[in-house]
Amino acid sequence: MERRALLEDIMHRMGATRLQDAEQALAAMLGALGRWLPPDAATKLRAELPASLRPHMRGRGDADGKLDVDALLDAVARSEGIREGYAREHVQAVASALWDQLDQEARAALERVGWAELVRPSVGDRLPPPPRIPIGHHLANGRSGSQHPISEARIDRAQRESVVRAKNPHGDRKLSSGSEREGEAVEWKPPLAR
């Protein structure tokens, strides 16, 4: 396992932009693992780490045989000075990156103590269900919540009293339309001769 590759993997999984953030998360996680990981699993993990990271994993570990995820999250949050939600994201990123770098023997030891709990997202159970969108009222149908979509709209460029808006423009003055004004017939008058 190479330190630089591990830190870059953690940085990518965290969505961080600085290698220092990944290093801080890794140091906090290893410190908490040294305290809360059972001794046999801690020994196997410590043996897989690069020599420069081993000092971060100090402590004897918990002897009950299972990893206390809540205590680990609390320890990481306190060590980094962040909220528990961010600590959970950091723990998941570091645990996933470490898992990918470990050999089968170390993975088996970590599986026995509940390593999967560190990698599994737990927020999904608490998310609200996605909103229900009525059929015909979304962008795929071109009606993004409107009863008058742009695709069916038309621009009316005529003014309010324009002859363009009238059903029979100039109907009161044309002989061909045959209209009458209040019962009176319209008479045709020949144009004046010049």
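**A buried histidine and the helix core**

Mentor: His90 has a relative accessible area of 14%, and therefore counts as buried, which means under 20%, with exposed being over 50% and partly exposed in between (1.4 Å probe, protein chains only). This is a predicted model, in which local features need pLDDT of at least 70 and side-chain atom pairs count only at pLDDT 80 or more, while totals for chains, interfaces and linings use all residues. Residues are numbered from 1 along each chain as its sequence is written, and side-chain values use heavy atoms, with hydrogens and water left out.

Trainee: Where does His90 lie, and what does it touch?
Mentor: His90 lies in helix α5, helices being DSSP runs (H or I, at least four residues) numbered from the N terminus. Not counting residues up to four places away in sequence, His90 touches Met14, Ala25, Glu80 and Ile82, where contact means heavy atoms within 4.5 Å.

Trainee: Switching to α2, which of its residues are buried?
Mentor: The buried residues of α2 are Ala22, Ala25, Leu26, Ala28, Met29, Leu30, Ala32, Leu33, Gly34 and Trp36, and what covers them includes α1 (3-14), α3, α4, α5 (84-101) and α7 (116-119).

Trainee: And which residues touch the most other members of the largest nonpolar core?
Mentor: Met29, Leu33, Leu37 and Leu118 do, out of 40 residues; such a core is a set of buried Ala, Val, Leu, Ile, Met, Phe, Trp, Tyr and Cys residues joined through side-chain atoms within 4.5 Å. At least two residues of this core come from each of α1, α2, α3, α4, α5 and α6 (104-112), and α2 gives the most, with nine residues.

Trainee: What about Leu67, is that buried or exposed?
Mentor: Leu67 counts as buried because its relative accessibility is 10%, and it lies in the loop between α3 (39-48) and α4 (69-80). Leaving aside neighbours within four places in sequence, Leu67 is in contact with Leu33, Trp36, Leu37, Val113, Gly114 and Leu118.

Trainee: Last one: at what angle do α3 and α6 pack?
Mentor: They pack at about 145°, with their axes 9 Å apart; axes are lines fitted to C-alpha atoms, for helices over the stretch in contact, and angles run from 0 to 180 degrees between N-to-C directions. In this contact, Ala41, Lys44, Leu45 and Glu48 in α3 meet Glu105, Ala106, Ala109 and Leu110 in α6.
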